[in-house]
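Good morning, everyone. Please look at the screen, and I will walk you through one model.

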Amino acid sequence: MMKKDRANFGSKMGVILASAGSAVGLGNIWRFPYETGNHGGAAFILIYLGCIILLGLPIMIAEFLIGRHSRANTAGAFQILAPGTHWRWIGRMGVLAGLLILSYYSVVAGWTLEYITEAVSNSFAGKSPNDFVVSFQSFSTNPWRPILWLTVFLLATHFIIVKGVEKGIEKSSKIMMPMLFILLLILVACSVTLPGAKRGIEFLLKPDFNKVDSSVFLGAMGQAFFSLSLGMGCLCTYASYFSKDTNLTKTAFSVGIIDTIIAILAGFIIFPAAFSVGIQPDAGPSLIFITLPNVFQQAFSGIPALAYLFSVLFYVLLAVAALTSTISLHEVVTAYLHEEFHFTRGKAARIVTGSCIFFGIFCSLSLGVAKGYTLFGLGLFDLFDFVTAKIMLPIGGLFISVFTGWYLDKKIVWEEVSNSGSLRMPAYKLFIFILKFIAPIAISFIFINELGLLR
Ligand code: PHE
C-alpha cells in the first residue's frame, strides 16, 4: 500500500465542504427535479426523505468508518478489513459504478458549459419558452458540441485530480458552496412569484399517494444514494483522508442536511417556473435546461442586467457544483488504480479520463444521432443512469450495511464512530440495529417490490 503520498484534508470545515461538494451536484439540481417530476411530485419527495434518514445517514456513517479505519481506496479498504474474503468485490463494484457514473454525468456537466457560453453571450435574451425547448433539443442532439464540452469538463477534472486533493477541492468548495446556496435562495424567491407558480408549489407539497407504485420507491431510493454519493465507496475514499478527530456522525448529518436542502430548493425553483410557462414536470433530463432560462427572462424582465448576471452566475456555480462531484468520482477510480495496480497517480488519472471520454461520447450520442440503438429499451445514457443509480448504488449500500452491521468487529465500529470513546454516542444501538436489520430489509424489499414479486 502506498500510504506516503496520501493527502489529507486541512481542516474540519474542509472535510465537510469536500464531502458536501461531492454530494451536492447535478444530482440535486438536475436529477432530483426530473425524478420528482417523473414520479409525481410530493409523495416521491416524502419517500425520498425517508430514504435519506433511514438508509442514507447510517450508510454514510458506515462508509466513513470503513474508509477512515482502513486509510485506503475503496477496494483496498475491504481487503484490509476483511482480508482474503469476497467483500472486496463491493469495493470493486463501487469503482466500476464510479466509472460509469462519471461517463454519463460528464455529458450533463458539459451541457452546463454550453449554457455558460450562452448566458455570457446573452443569447437567452428575448427568447420565448418554446425557443428554449427547441434550442436545447438542437444542442443536445448535435453530434459534436456536447462531445467537445464533455471532453473539456473531464480534462478540467483531470487537471484538479493530478494537482492533488486538498488544494483543489477544499479551496473551491469553501467559496463556491455558500455562493451557490445564496443564489438558489434568490432564485426560489423569483420563481415562486412568477404568475401561475402556485400549481408548481402544490405539486411539491401536496402528496398524491395514488400515484405511488413500486417504481416510485426504487426511484426515491436510487436518488437518495445518488445524491448523497453513497453506495460506491466515494465517501469511503474521502474518509480515508479524514483525520482521527473528525466527528463522523456530525459530518454525515451536515452533509445529509446540506444536500437535502439544496435539492429541495432546486425543486422550488424548477416546478413553479415549469408550471408557470406550461412545461410538463416530467420533461426528463432536459427539465432544468429549458425551465431555468425562463426564470431569468421572466422574473427579471424589467431589469435585463440582473437577468444577465444571475444566469451567468447560476451556470458557473452549477458547473462548479458538478466539478466537485466529478472530482470525487474520478478520485475513487484513480485512487483504486494507483494503489492497487501501482500506476503513478498521473497514469491512473489518464486511464480514467480517457475511458470516461470514450464512454461519455457514446452516452452523448445516444441522446441524438444514435437514439435508435437501445439495450433493454434504454439508450446508453439512460442505461448507465439506471444501472448505477437504481441498481449498483443500492446494492452497494445493502452490502456496506451488512458488512458493517454483521461482519465487521464491533470494536472497530465503536472506536471509529466514538473517536476511541471520546464522543458520546446516544444512538449507537439504533445505528447498529438499522445497519443490521432495517437497511438491508428495506433495500431488499424495494428491489423485490420492483420486480413485481409482491403483487
Ligand atoms: N452526489 C453527486 C450529485 O448529486 C453525484 C455523485 C454520485 C457523486 C455518486 C459521487 C458518487 O451530483
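Which residue has a backbone N or O atom 3.3 Å from a nitrogen atom of the ligand? That residue is Ser22.

A word on ground rules. This is a predicted model, in which local features need pLDDT of at least 70 and side-chain atom pairs count only at pLDDT 80 or more, while totals for chains, interfaces and linings use all residues. Residues are numbered from 1 along each chain as its sequence is written, and side-chain values use heavy atoms, with hydrogens and water left out.

Back to the ligand. A polar backbone atom of Gly27 is 2.8 Å from a ligand oxygen atom. Asn28 uses its side chain: an N or O atom there is 3.3 Å from an oxygen atom of the ligand. Around the ligand there are 15 residues, and Ala23, Gly27, Tyr105, Phe226 and Ser229 come nearest. Here, a residue is near if one of its heavy atoms lies within 4 Å of the molecule.

Keep Ser229 in mind. Where is Ser229 found? Look in the loop between α10 (214-227) and α11 (234-239). Helices are DSSP runs of H or I with at least four residues, numbered from the N terminus. Ser229 is not a glycine, yet its phi is positive, about 60 degrees. Is Ser229 buried or exposed? It counts as buried, because its relative accessibility is 10%. The scale is this: buried is under 20% relative accessible area, exposed is over 50%, and partly exposed is in between, with a 1.4 Å probe and protein chains only.

Compare Asn122. Its phi is near 55 degrees, again positive without being a glycine. Asn122 sits in the loop between α5 (88-120) and α6 (129-140). At 40% relative accessibility, Asn122 counts as partly exposed.

Now helix packing. Two packed helices are described by the angle between their axes and the distance between the axes. Take α10 and α16 (residues 380-407): the angle is about 75 degrees, and the axes are 8 Å apart. Axes are lines fitted to C-alpha atoms, for helices over the stretch in contact, and angles run from 0 to 180 degrees between N-to-C directions. α10 and α16 are therefore roughly perpendicular, a label for angles of 65 to 115 degrees.

Which residues meet there? From α10 they include Leu218, Met221 and Phe225, and from α16 they include Phe386, Leu393 and Gly397. Contact means heavy atoms within 4.5 Å. By class, the α10 and α16 contact has 8 nonpolar, 3 polar and 1 charged residues. Nonpolar means Ala, Val, Leu, Ile, Met, Phe, Trp, Tyr, Cys and Pro; charged means Asp, Glu, Lys and Arg; the others, Gly among them, are polar.

Next, Ile59, in helix α3 (residues 42-70). Ile59 is buried because its relative accessibility is 0%. Leaving aside neighbours within four places in sequence, its contacts include Phe225 and Gly397. Ile59 and Gly231 are 172 residues apart in sequence, yet 7.9 Å apart in space, C-alpha to C-alpha.

Last, Thr326, in helix α14 (residues 304-340). Thr326 is also buried, at 0%. Its side chain makes a polar contact with the side chain of Thr157, at 3.1 Å. Beyond its neighbours within four places, Thr326 is in contact with residues including Tyr105, one of the residues that come nearest the ligand.

Key. Helices (H or I, at least four residues) and strands (E, at least two) are DSSP runs, numbered from the N terminus. Angles under 35 degrees count as roughly parallel, over 145 as roughly antiparallel, 65 to 115 as roughly perpendicular and the rest as oblique. A polar contact is a pair of N or O atoms within 3.5 Å; within protein, one must be able to donate a hydrogen and the other to accept it, and residues adjacent in sequence count only if both atoms are side-chain atoms.
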